[in-house]
Amino acid sequence: MEAGKKNIIFGWSWLILFLILGFYLFLRAADPSWAGLQRMAWRAAHVHGNVLAFLNILYGLTIDKTNLGSGLKQAGSWLAIIGAILLSGSLLLMPFFMQIALVEMIGGAVIILAVAIMIYGQLFARV
Ligand code: HEM
């Protein structure tokens with residue numbers, strides 16, 4: 001299997017989860033008593049989950065077109081998936097467990113690393 005295939009499968013699956021979260025937000029959005037940390041964190045989870053799902057789909061479509069070695073392709077591909085799970089997943093859990101903000105930060109760093117590998121592949125190792 002090409003490295004990017006798993007990002008494409010993960011991306012579409014992650015997208016439907018966070019679209020459903022958007023639908024849930026829609027059902028509760030009119031309730032003026034629903035405010036505070038849970039609403040803010042789940043709204044941020046909805047946005048980041050959707051955007052990182054698209055990032056993974058793009059990553060999956062692009063990574064195998066670079067001339068990176070298979071180790072770096074796999075590393076970037078897994079980092080994009082792990083970063084999306086850590087970042088958007090920790091935003092979902094934040095209302096119950098504030099300390100998870102540390103995991104959110106790690107997720108962000110992991111995503112940055114995955115994108116840096118992609119940039120390296122685009123600039124210096126392109127077919
Ligand atoms: C790729 C698809 C989507 C993207 C990129 C997206 C993005 C966003 C963004 C940027 C916000 C604003 C967040 C803020 O102002 O802090 C938002 C909020 C919201 N979205 Fe989505 N959205 C998507 C799909 C959906 C779907 C399918 C629904 C279902 C009805 C939905 C329902 C909502 C609701 C209700 C809010 C407001 C939540 C609140 O006020 O607490 N979204 N979304």
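Predicted model: local features only at pLDDT ≥ 70, side-chain atom pairs only at ≥ 80, totals over all residues.
1. Let's start with the record. The UniProt annotation "transmembrane region", from an unreviewed entry, covers residues 7-27, 47-63, 75-94 and 100-121.

2. For residues 100-121 the figures are 95% helix and 0% strand, and here the end C-alpha atoms lie 32 Å apart.

3. Now the overall layout. The C-alpha trace spans about 55 × 25 × 20 Å along its principal axes. Of the 127 residues, 35% count as buried. Among contacts with a separation of 6 or more, 81% come from residues 24 or more positions apart.4. Which residues of α1 are buried? They are Ala3, Gly4, Asn7, Phe10, Gly11, Trp14 and Phe18. These buried residues pack against α2 (37-62) and α3 (70-93).

4. Then there is the ligand. The residues around the ligand are Leu19, Gly22, Phe23, Leu25, Phe26, Ala29, Arg39, Arg43, His46, Val47 and Asn50. Helices α1 and α2 each supply at least two residues of this shell, and the largest share, six residues, comes from α1. Sorted by class, the shell has six nonpolar, three polar and two charged residues.

5. Which residues touch the most other members of the largest nonpolar core? Of its 25 residues, they are Ala80, Ala84 and Ala114. Each of α1, α2, α3 and α4 supplies at least two residues of this core.

6. Take Ala114 from that trio. You'll find Ala114 in helix α4, which covers residues 101-124. Is Ala114 buried or exposed? Ala114 is buried, because 24 other C-beta atoms lie within 10 Å and 20 or more is enough to count. Leaving out residues up to four places away in sequence, Ala114 touches Tyr59, Gly76, Leu79, Ala80 and Gly83. Have a look at Ala75 too: the C-alpha atoms of Ala114 and Ala75 are separated by 7.8 Å, although the two residues are 39 apart along the chain.

7. Ala80 is worth a click as well. Setting aside neighbours within four places in sequence, Ala80 is in contact with Asn7, Leu55, Asn56, Tyr59, Ile111 and Ala114. One of these, Asn7, is also among the buried residues of α1.

8. Last, Leu55, which is found in helix α2. Leu55 has 21 other C-beta atoms within 10 Å and is therefore buried. What does Leu55 touch, not counting residues up to four places away in sequence? The answer is Ala80 and Ala84.

Note on methods: Residues numbered from 1 in each chain as written. Helix = DSSP H or I, 4+ residues; strand = E, 2+ residues; numbered from the N terminus. Buried ≥ 20, exposed ≤ 12 C-beta atoms within 10 Å, placed from the backbone. Contact = placed C-beta atoms within 7 Å. Near = placed C-beta within 6 Å. Nonpolar A, V, L, I, M, F, W, Y, C, P; charged D, E, K, R; others polar. UniProt positions renumbered as here; feature names shortened; annotations may be inferred. Core = buried A, V, L, I, M, F, W, Y, C linked by C-beta atoms within 7 Å.
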